[in-house]
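Please open the structure in your viewer and keep the selection panel at hand.

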Amino acid sequence: TSSLARIAASMDTAISAAITPCAWVPIFADAPEQRIQPAARWGRIQDHTTLQVLWTTSTGGSAVHVASIALTPQQTGVSTELGRVSVGVGELGVKLQQWYDEDTVAVVLGSADATAAVLIDLSEQQPQPAASFLADGLPPASSLPSLAALGEEAARVHALPAWYAKPSALRVMASRGMLSVYSSTASRLISFDVDGGDGDEEEEEEEDDDAL
């Protein structure tokens with residue numbers, strides 16, 4: 001065990017010495033549900049290696065944001081070019097978020113009166129140049145394109161039963177066109193065919209202590 005610990009410490013030292021951060025890009029995320037970490041992925045946009053970060057804010061109404069950080073290697077380091085796509089989702093809070101596919105994000109929205117799973121297609125939304133992703137660099141949610149403005153094709157809404165008001169997990173499988181939401185409070189799982197099928201709901205069975 002001590003040998004493995006020494007090896008791990010040596011590897012950590014070697015990796016830390018070999019890796020140098022190329023950019024620091026702070027992101028403002030004030031939503032209470034942001035305890036669920038922003039979702040990040042690598043891709044290529046207009047021949048640039050690009051880091052895309054999905055996150056949400058709640059100031060002045062809830063909004064979903066995708067930050068694009070394009071990296072260009074240079075002799076003296078790496079230059080960054082920032083862009084942002086944002087959509088306002090009204091007064092419904094964003095409970096969960098995840099990438100669905102290359103152009104689409106999946107979110108679960110909820111309030112005291114309604115809960116819904118929404119797929120938002122951002123393929124037609126052009127990233128706007130951004131000076132930063134801090135609070136003073138983000139427009140108010142009321143000025144952003146709304147889900148209604150995107151249209152039914154770009155914003156596919158699936159209403160959820162009342163017991164999903166406190167969802168705990170969101171899973172997607174784009175290859176099968178499936179989206180699932182789980183509520184640990186209600187011990188229920190609902191899955192959708194995002195192309196229009198009805199949701200299939202499952203309820204967890206509690207163990208019978210008498211049968212043990």
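Begin with the largest nonpolar core of this predicted model. Select its 20 residues and then highlight V64, V105, I120 and L147, which have the most contacts inside this core. Colouring by secondary structure shows where the core comes from: at least two residues each are supplied by β3, β4 (77-90), β5 (93-99), β6 (104-110), β7 (115-121) and α2 (147-150). Another core, of 14 residues, lies apart from this one; A106, A117, L170 and L179 are among its members.

Next, centre the view on V105. Which residues does V105 touch, when those up to four places away in sequence are not counted? The list comprises L54, V64, V66, Q98, W99, Y100, V118, L119, I120 and L122. Two of these, V64 and I120, were highlighted in the previous selection as residues with the most contacts inside the largest core.

Is V89 buried or exposed? Its relative accessible area is 7%, below the 20% limit, and V89 therefore counts as buried. Display its surroundings: residues up to four places away in sequence aside, V89 touches S62, A63, V64, V94, L109 and L147. Then draw a C-alpha to C-alpha distance from V89 to S142; the two are 9.0 Å apart in space, although 53 residues separate them in sequence.

The next stop is H65, which belongs to strand β3 (residues 62-74). Because its relative accessibility is 1%, H65 counts as buried. With side chains shown, select S86 as well: the side chains of H65 and S86 make a polar contact at 2.6 Å.

Finally, zoom out to the whole protein. How many helices and strands does its secondary structure contain? There are 2 helices and 13 strands. Of the 212 residues, 36% are buried. Among contacts with a separation of 6 or more, 52% join residues 24 or more positions apart.

How values were computed. Residues numbered from 1 in each chain as written. Predicted model: local features only at pLDDT ≥ 70, side-chain atom pairs only at ≥ 80, totals over all residues. Heavy atoms only, no water. Helix = DSSP H or I, 4+ residues; strand = E, 2+ residues; numbered from the N terminus. Buried < 20%, exposed > 50% of the residue type's maximum accessible area, 1.4 Å probe, protein only. Polar contact = N/O pair within 3.5 Å; in protein donor to acceptor, adjacent residues only side chain to side chain. Core = buried A, V, L, I, M, F, W, Y, C linked by side-chain atoms within 4.5 Å. Contact = heavy atoms within 4.5 Å.
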